[in-house]
Amino acid sequence: MKTGLMAAALCVAGMLLPTAAPAQVPRAFGDDRIVAAHEAVRKGDRDTLDVLAAESSPHVLDAYVRYWRFVNVLARPELPPPAQELDAFLQREAGTVLAERLRAEWLRRLATDGDWTGFAALYPGLQNPDREMRCTAWTARLMTGDTRALDEVALEWRTLDNAPAACDTALRATHATGRVDDDALWRRARRQADTRKPDDALLSWNWLPAEIAPAAADAEQALRSSAAWLDRLPANFAVTRAGRELVLAALTRIAWQDARLAHARLLQLQDRLGSEERGDIQAVIAMHAAIDQMPEAMAFYRAVGNAELTPLQRAWRVRAALRAGDWAAVRTAIEALPESERQQPEWTYWLGRAHAAAGRAGDAEALFSHIAAEPHFYGILAAEELGRPFALPASGDSLAVPPLDEAENDPALRRALALYRLGLRTEATREWSWALRGRDESFRLAAAHLALRNELYDRAINSAELSNPRANYALRFLAPYRELIEPQVHMQGLDLGWVYGLMRQESRFVVPARSSAGAQGLMQVMPATGKWVANKIGLRGYHPRQLNDPNTNVLLGTSYMRLILNDLDDHPVLASAGYNAGPGRARRWRDDKPLEAAIYIETIPFNETRDYVKKVMVNAVIYGAMFEHRPQSLKTRLGVIGPRPASE
């Protein structure tokens, strides 16, 4: 664990290697000093940081220079942490995001150094620990004799299946002390095998007593060469639990690729598995069949019996029934959900639809009324079931500015604005988000207007959402760059509300936005997509750098929307899914029969794309109401998805 923590502590802003000391470090002042310090910390230039931090200035970002210097020092294992200086900074900057972040960096260094007493003393001041830090805190408590930490780990055991490596010490100790038994560890490994990181199961198996744990070579083969491993399965595999558990893991991994094949394999082996084991693996196979939109999914779910389903398996049981058009099964699956899940808006809406399909209008109306006032995908659909298309509230298009004095004078927002001005967006966004923590509605609304005044459209939208997600439509659904966007929309024959709805979801109108995958600009165009579209429309001299130019980005983005619309039945739901996940996937997710678009969306296999399409279509409805000044129908926009052509 210590090695992993050290790697985490050292990998701070790319500062692993010091650069050669310059002959003379130039002094810098004002904004130049802040920019120079940021560049120095990026390069790991300790000498420049020392010089810049030695001086102070009345600059609103002065504390950042000292913070970056401390981060550089903490990242260097050869330098002892300057405890007194660090403590003085934390006291001077108490309550700021810099104090929070420096405390976290210092805690990582203490963990790397094995100073658990120091860690335990410093940790309580951390206001917003992430999962890794919480796990490290459990370790610190164990190392300093506080075994009550293990009771907390035991309570959260089921939520820690895919926890970071920092959690391993506490998790293993929780099992070793009997707070969770071997059966809980076997079940944890089953759940881990059914994830994108199945090798996590190897660690859980390794924590079992040697006399019952699977052999390491067998475990790796079962996960990584599942079909071949099953082909070599000895006849007496079921004698031990390890043998049966590895079969379940192998079948799970096959289900990720082909649920039908996994089911066929299960039929060959099920007589040698226990009833609970059969139910568990049948649930895994049924869920993957549902995710892959297989017509057999419903039959697979019926074969599960009384096995306890995971939340994800329960959700896909409902979706399989929706895809099959079996409203009685939809009702049964939703009513079987735990209360906390059944109250979620999606299942409230679909249960209402199931009641309506069975002629229970009163039950349906009661459920629709429960969520109809909410301006989200299911709330808008529920309101339409009650005959109320979406209309903006009377004050929905108002941009009346509240008093801004408190927001303008807020130190964190002032620092954020200064950071945005210098192009340090990551640091600026952290400051802005920190400033809004725990603040009331009026302050957040004032912050939204302050952001709008400074053309920080993403902050204006997000701050207004935090202020009141049921109001502030004019702020939450800004329409900047209209003189640039509207001509392209008309040229491509697109719906302006849909284009703005997609753009709002893609970038929140941040011109230099860049995703982790490399998508860029207002419409988050991937470089390869930009090149393909440029060739299609005859844009000469195109270079990927042009994606940062709003005009070129919007030209390519709207052209791409038109191209995929042409390729996807001119249907905005298919095109929205295609814009996010690729046109090929959007085509494959159709059914062999016409499918209500809301059901198509609900059964999209990718969580990100499913959520994306819902939000784009809701955005389009709200923008439509704003642009056209009349009520809008989400159901009409969604419509029906045509069947998959026989040729596909």
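**Group meeting: helices, a core and a pocket**

Let me start with helix 28, whose buried residues pack against helix 25 (405-408), helix 26 (411-421), helix 27 (425-436), helix 29 (457-467) and helix 30 (473-476). A few terms, quickly: buried means under 20% relative accessible area, exposed means over 50%, and partly exposed is in between, with a 1.4 Å probe and protein chains only. Contact means heavy atoms within 4.5 Å. Helices are DSSP runs of H or I with at least four residues, strands are E runs of at least two, and both are numbered from the N terminus.

And the ground rules, friends: this is a predicted model, in which local features need pLDDT of at least 70 and side-chain atom pairs count only at pLDDT 80 or more, while totals for chains, interfaces and linings use all residues. Residues are numbered from 1 along each chain as its sequence is written, and side-chain values use heavy atoms, with hydrogens and water left out.

Back to helix 28. Which of its residues are buried? They are Phe443, Arg444, Leu445, Ala446, Ala447, Ala448, His449, Leu450 and Ala451. The expected span of a helix is 1.5 Å times one less than its number of residues.

Now look at Glu441, which lies in helix 28. Glu441 counts as partly exposed, at 43% relative accessibility. Setting aside neighbours within four places in sequence, Glu441 is in contact with Ser467 and Asn468. The C-alpha atoms of Glu441 and Ser467 are separated by 4.5 Å, although the two residues are 26 residues apart along the chain.

Just after helix 28 comes Glu455, with a positive phi of about 60 degrees. Most residues other than glycine have a negative phi. Glu455 sits in the loop between helix 28 and helix 29, and Glu455 is exposed, with a relative accessible area of 57%.

You will find Gln293 in the loop between helix 17 (275-291) and helix 18 (297-302). Is Gln293 buried or exposed? Gln293 is buried, with a relative accessible area of 16%.

Next, please turn to helix 6, residues 97-113, where Glu100 is found. Helix 6 is largely enclosed by the rest of the structure, because 14 of its 17 residues are buried. Helix 6 reaches 24 Å from its first C-alpha to its last, close to the 24 Å expected at 1.5 Å a residue. Following helix 6 is Gly114, whose phi is positive, near 75 degrees.

Glu100 itself is buried, with a relative accessible area of 9%. What does Glu100 touch, not counting residues up to four places away in sequence? The list is Gly125, Leu126, Gln127, Asn128 and Trp434. For Glu100 and Gln127, 27 residues apart along the chain, the C-alpha atoms are separated by 7.0 Å.

On to the core. A nonpolar core is a set of buried Ala, Val, Leu, Ile, Met, Phe, Trp, Tyr and Cys residues joined through side-chain atoms within 4.5 Å. The largest one has 209 residues, and Phe119, Trp205, Trp432, Tyr600 and Leu638 touch the most other members. Helix 38, residues 607-628, gives this core its largest share, twelve residues. Phe119, leaving aside neighbours within four places in sequence, is in contact with Leu107, Leu110, Ala111, Met133, Thr136, Ala137 and Ala140.

Helix 38 is largely enclosed by the rest of the structure, because 17 of its 22 residues are buried. From first C-alpha to last, helix 38 reaches 32 Å, close to the 32 Å expected. His629 follows helix 38, and the phi of His629 is positive, near 55 degrees.

Last stop: the second largest pocket. Which residues lie nearest its centre? They are Ala519, Met526, Tyr579, Asn580 and Ala581, from a lining of 17 residues. A pocket, on a 1 Å grid over the protein atoms alone, is an open set of points where a 1.4 Å probe fits, with protein on both sides within 12 Å along at least five of seven lines; lining residues have an atom within 4 Å of a point. Helix 35 (572-581) and helix 38 each supply at least two lining residues, and the largest share, four residues, comes from helix 35.
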